[in-house]
Amino acid sequence: MQELVDTALRDIKRIGAMQAAGQRVRMLEVGCGSGCVSLAILNKAADCVGMAIDVSGDAVALTLENAKRCAKRLWVLARGQVCEEALVICKVLMHAVALRQ
């Protein structure tokens, strides 16, 4: 997990440098589970806004509980709250990234 978080933090820093002043970098974690990846990133990247989605209501509840415990603001969406559409978009993006490599 640490490698994933470190990679995300490098990308957030790079993207933030390209944005206009005052804009915050937005992050989406698909399949958030416990939310530990999003929360680790938000802990280190103060200029980042996070959203996490999961099809499991239990995972969403756990992510929300952990976000409250860590005192981090994290938007969490479950099935029926654009989750299916976001998953399709992420699959398309992952395919496009794979084609570029």
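This is a predicted model: local features need pLDDT of at least 70, side-chain atom pairs count only at pLDDT 80 or more; totals for chains, interfaces and linings use all residues.
Residues are numbered from 1 along each chain as its sequence is written, and side-chain values use heavy atoms, with hydrogens and water left out.

I then followed strand 2 (residues 48-53), which four bridges join to strand 3 in a parallel run; two strands pair if DSSP finds at least two bridges between them. The open sheet has three strands in the order 1-2-3, with parallel pairing. Its edges are strand 1 (25-30) and strand 3 (74-77), each pairing on one side only.

Next I checked helix 2, which packs on the sheet and touches strand 1, strand 2 and strand 3, its direction making about 160° with that of strand 1. Contact here means heavy atoms within 4.5 Å, and angles run from 0 to 180 degrees between N-to-C directions, with axes fitted to C-alpha atoms, for helices over the stretch in contact.

Last, I recorded that helix 1 (residues 2-18) and helix 2 (residues 36-44) pack at about 45°, their axes 10 Å apart. That makes helix 1 oblique to helix 2, oblique being what remains after under 35 degrees (roughly parallel), over 145 (roughly antiparallel) and 65 to 115 (roughly perpendicular). Leu4, Val5, Ala8, Leu9 and Ile12 of helix 1 make the contact with Val37, Ala40, Ile41 and Lys44 of helix 2.

Methods: Helices (H or I, at least four residues) and strands (E, at least two) are DSSP runs, numbered from the N terminus.
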